[in-house]
Amino acid sequence: MKSVKNGRDGRTRIIEGALRRFSQDGVSATTLASLREESGVSVGSFYHHFASKEHVFGVLYAEILTAYQEAFLAELVSHEDARSGIEAVVAFHMRWAGEHPERARLLVSERPPRKHEPGGAEVAEARRGFFKEVSDWWRPHMKNGLLQPVHPTMCYVLWLGPAQEMCRLWFAGAHTPTDEEIRGLGEAAWQSLRQPAD
């Protein structure tokens, strides 16, 4: 009989192996056999923890997204000033991508699980809470005439879209961003999101 520790270790090995395979090969090109081989677990052990490759991906994506969002919010709420908050989050995003390239690559390149797919409900719930907290930080600055009133999707695109594109180039080996370029991305985000002066 497996102990709780062994069961947890098997799940952890599967998740860690999946992160390596999904990051390197992409989810669609990763097979169940390669997942089991990468994690070193038996067929029985795999199915004890997960029902399918899609189940592994959904759980992994939700865990990575939650960790990223928690770190994002911790950075954001540490800044009371609107401009410093906007620019610091761009710098945080690039720093997090550099420190967690496999996780960042998964968030950048893979479609999130939909609500009816494994992990989809968790992702949707995490996003709801995340956007509420971002809105709570944003609202006073908007009322003070510093930040524009923008829809969450447009806010994300203007705030982190260029940084995401820089990450894609970085992960593809086409360009490594400099500190000066990262500062430029932060300044561009501020110019895009601030309310124009009268």
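## Basis of the description

Because the model is predicted, local features need pLDDT of at least 70 and side-chain atom pairs count only at pLDDT 80 or more, while totals for chains, interfaces and linings use all residues. Residues are numbered from 1 along each chain as its sequence is written, and side-chain values use heavy atoms, with hydrogens and water left out.

## The nonpolar core

The largest nonpolar core has 52 residues, among which Phe22, Phe72, Ile86 and Trp159 touch the most other members; such a core is a set of buried Ala, Val, Leu, Ile, Met, Phe, Trp, Tyr and Cys residues joined through side-chain atoms within 4.5 Å. At least two residues of this core come from each of helices H1 (4–25), H4 (53–77), H5 (82–99), H6 (101–109), H7, H8 and H9 (179–193), where helices are DSSP runs of H or I with at least four residues, numbered from the N terminus. H4 supplies the largest share, 12 residues. In soluble globular proteins, nonpolar side chains tend to be buried together.

## Cysteines

The model has 0 disulfides, a disulfide being a pair of cysteine sulfur atoms within 2.5 Å. Cysteine 155 is in none, and the nearest cysteine sulfur, that of cysteine 167, is 17 Å away, which is too far for a bond. Cysteine 155 counts as buried because its relative accessibility is 8%, and cysteine 167 is buried at 0%; here buried means under 20% relative accessible area, exposed over 50%, and partly exposed in between, with a 1.4 Å probe and protein chains only.

## A surface patch

Met154, Tyr156 and Val157 form a nonpolar patch on the surface, with about 270 Å² of accessible area together. Patches of this kind are made of residues with over 30% relative accessible area and no salt bridge, nonpolar side chains (Val, Leu, Ile, Met, Phe, Trp, Tyr) being joined within 5 Å and like charges within 9 Å; a salt bridge places a side-chain nitrogen of Lys or Arg within 4 Å of a carboxyl oxygen of Asp or Glu. Areas come from the Shrake-Rupley method with a 1.4 Å probe, and for residues only the protein chains shown count as cover. Valine 157 lies in helix H8 (residues 152–171) and is partly exposed, at 42% relative accessibility.

Histidine 141, in helix H7 (residues 120–143), counts as buried because its relative accessibility is 9%. Leaving aside residues up to four places away in sequence, histidine 141 touches Glu80, Asp81, Ala82, Leu146 and Leu147, contact meaning heavy atoms within 4.5 Å.

Arginine 11 belongs to helix H1 and is partly exposed, with a relative accessible area of 30%. With residues up to four places away in sequence not counted, arginine 11 touches His49, Phe50, Val59 and Glu63. Glycine 44 is 33 residues from arginine 11 in sequence, and the two are 12 Å apart in space, C-alpha to C-alpha.
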